[in-house]
Amino acid sequence: MAQRILVILGHPALNSLCAGMATAYAEGAQAAGAEVRRLDLSTLHFDPLLQAGYRGEQPLEPDLLAAQADITWAEHLVWVYPIWWGAMPALLKGFIDRVFLPGYAFKYRQGSSLWDKLLAGRTAELLVTMDSPPWYFRWVTHMPGHHQMKKAILEFCGIRPVKVRSFGPVRTADAKRLGAWVAQARALGARHGGRAPTADTAS
């Protein structure tokens, strides 16, 4: 069986560096034999605002129900997005708020501080662009966006390991450098797309 990979573009612009990297990763993975699906969040129709938190009823739009089905289908989730003000764009945060719900992504145990990780059995890879040099993001601002996505969201729901790859600074990169990052994304897709599926991945 082929590896099942879902590529999720969290950048609002479809002509961005992130979009190019998402396309390259998907093409590399498909060429290596993987089954690939893609979600471009800017093309989905949904309210990114979780209106009343987990206390209220907010029916999922059809695009979000389809996104949940894609995440359930996938064995490996590839998230491609920029760092803005230290974290992910509002579009991506809104998507996670609406999709990674109790009963789907996790479930608190009654009378306990523990929880069930309902998306266990999947792995993830983050391709994250930034205008800051990656060393600055790591050592000066201490990577708040990386910790949020890796630890507070994905690993909280059982997705692991989560590999984070930083690309920057984008603001001062020339065409050769930008092209090299796109080529690197393609190579990463080919590398992961050629791997055998994991036996314990949830269906």
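Helices and strands are DSSP runs, numbered from the N terminus. In the predicted model described here, Trp-85 lies in the loop that runs between β4 and α3. Its phi is positive, about 55°, although Trp-85 is not a glycine. The relative accessible area of Trp-85 is 90%, and the residue is therefore exposed, the cut-off being over 50%. A positive phi, near 65°, is also found at His-142, again a residue other than glycine. His-142 belongs to the loop between α4 (134-139) and α5. With a relative accessible area of 52%, His-142 is exposed. Most residues other than glycine have a negative phi, and most peptide bonds are trans.

Two cis peptide bonds are described next. One joins Arg-160 and Pro-161, with omega about 0°, and Pro-161 is located in the loop between α5 and β8 (162-167). The other leads from Gly-168 to Pro-169, where omega is near 0°; Pro-169 is part of the loop between β8 and α6 (175-193).

The largest nonpolar core comprises 37 residues. Trp-79, Tyr-81, Phe-95, Ile-96, Phe-100, Met-149 and Leu-154 have the most contacts inside this core. Two or more residues each come from β1 (4-9), α2, β4 (76-82), α3 (90-99), β7 (123-129) and α5 (144-154). The greatest contribution is that of α3, which supplies five residues. For Phe-100, contacts beyond four places in sequence are made with Tyr-54, Ile-71, Trp-79, Ala-105, Phe-106, Leu-119, Ile-153, Leu-154, Cys-157 and Ile-159. Another core, of 22 residues, lies apart from the largest one, and its members include Ile-5, Ala-26, Val-80 and Phe-167.

Trp-73 is placed in helix α2, which spans residues 62-73. Because its relative accessible area is 15%, below the 20% limit, Trp-73 counts as buried. When residues up to four places away in sequence are not counted, Trp-73 touches Arg-4, Ile-5, Leu-6, Glu-35, Val-36 and Arg-37. A distance of 19 Å separates the C-alpha atom of Trp-73 from that of Glu-61, twelve residues away along the chain.

As to confidence, the mean pLDDT of the chain is 95, and 97% of the residues reach 70 or more. Over residues 199-203, pLDDT stays under 50. For this segment the model has 13 contacts beyond four places in sequence. Where pLDDT is low, the predicted coordinates should not be read in detail.

Technical notes: Residues numbered from 1 in each chain as written. Predicted model: local features only at pLDDT ≥ 70, side-chain atom pairs only at ≥ 80, totals over all residues. Heavy atoms only, no water. pLDDT = per-residue confidence, 0-100. Contact = heavy atoms within 4.5 Å. Helix = DSSP H or I, 4+ residues; strand = E, 2+ residues; numbered from the N terminus. Buried < 20%, exposed > 50% of the residue type's maximum accessible area, 1.4 Å probe, protein only. Core = buried A, V, L, I, M, F, W, Y, C linked by side-chain atoms within 4.5 Å.
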